Amino acid sequence: MNILDLIQKRYTAKKYNAHKAIPQEKIEDLKEILRLTPSSINIQPWKFTFVQNPEMKAKLATVSMHNTEKINQAQLLVVFSVADDLDAFQKVVENELPQARKDWYNQMKASMPESDLKIWLAKQVYIALGVGLTASVALGLDSTAMEGIESDKYKDILNMAAYKPLFAMAVGYASDDDFNRLETTPKSRRLQESVIETI
Ligand SMILES: Cc1cc2nc3c(=O)[nH]c(=O)nc-3n(C[C@H](O)[C@H](O)[C@H](O)COP(=O)(O)O)c2cc1C
């Protein structure tokens, strides 16, 4: 299927088939695809937590606002977190990034307040969500992006110290009676002429 067909086909699943397992190799592909996400100056300020364990997923589901049922039904929950303890992240930069990137990052860090730096880091994580949603449909999987999570409670449950959960993505196979399927709920977007300018 070409990329336009895939993007037209992708939609937000609202009800999953809880019994249809995702082949593990697709999950492993998704891990590698997320790792390859591009980011500004290649800073990669993220952690992707793949939750397949049903008990852990159920715990997270209870602190996920209107998304509880979807998370319980979906076979996989990926939690996207951003580096939040900047001293700890400095060590990651020092140990894992090439010299030119370290220098860039240190310059950026020196040039803006910590609050702005954190906003910039979080923006990078959203790029991975776009990659993850597109990759899911390409792998033949349905998905749900979810900002509707309680970040602090996720952080506690996942026992995270240096990272902060920002949003999550449920992945699995949509239920046959998912009301949000394109047959029942056609895609709704602003017109191309109002969002695209060609010069
Ligand atoms: C960053 C982000 C956060 C979202 N959060 C939720 C959510 O918490 N729960 C949910 O059911 N849908 C959520 N959505 C789905 C959007 O409502 C959906 O993508 C949008 O209405 C377009 O519909 P489509 O994805 O089916 O094309 C989110 C989407 C994005 C990109």
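How far apart should the ends of helix α7, residues 114-138, lie at 1.5 Å a residue?

## Helix α7 and what follows

At 1.5 Å a residue, the 25 residues of helix α7 should span 36 Å, and the 37 Å between its end C-alpha atoms agrees with this; the expected span is 1.5 Å times one less than the number of residues. Helices (H or I, at least four residues) and strands (E, at least two) are DSSP runs, numbered from the N terminus. Just after α7, glycine 140 takes a positive phi of about 80°.

## Basis of the model

This is a predicted model, in which local features need pLDDT of at least 70 and side-chain atom pairs count only at pLDDT 80 or more, while totals for chains, interfaces and linings use all residues. Residues are numbered from 1 along each chain as its sequence is written, and side-chain values use heavy atoms, with hydrogens and water left out.

## Surroundings of the ligand

Around the ligand there are 16 residues, of which Arg10, Thr12, Lys14, Lys187 and Arg189 come nearest; a residue is near a molecule if one of its heavy atoms lies within 4 Å of it. The shell divides into five nonpolar, five polar and six charged residues, where Ala, Val, Leu, Ile, Met, Phe, Trp, Tyr, Cys and Pro count as nonpolar, Asp, Glu, Lys and Arg as charged, and the others, Gly among them, as polar. Helix α7 and strand β3 (142-146) each supply at least two residues of this shell, and the largest share, three residues, comes from β3.

Among the polar contacts (pairs of N or O atoms within 3.5 Å), an N or O atom in the side chain of arginine 189 is 2.8 Å from an oxygen atom of the ligand. A backbone N or O atom of alanine 145 lies 3.2 Å from a ligand nitrogen atom, and a polar side-chain atom of histidine 66 lies 3.4 Å from a nitrogen atom of the ligand. Of the 620 Å² of accessible area that the ligand has on its own, the protein covers 68%, as computed by the Shrake-Rupley method with a 1.4 Å probe.

Tyrosine 163 lies in strand β4 (residues 163-172) and is buried, with a relative accessible area of 14%; buried means under 20%, with a 1.4 Å probe and protein chains only. Serine 81, in strand β2 (residues 76-83), also counts as buried, at 0% relative accessibility.

Leaving aside residues up to four places away in sequence, tyrosine 163 touches, among others, Pro45, Trp46, Lys47 and Ser81, contact meaning heavy atoms within 4.5 Å. With its neighbours within four places likewise left aside, serine 81 is in contact with residues including Pro45, Trp46, Lys47 and Tyr163.

Key
Polar contact = N/O pair within 3.5 Å; in protein donor to acceptor, adjacent residues only side chain to side chain. Buried < 20%, exposed > 50% of the residue type's maximum accessible area, 1.4 Å probe, protein only.
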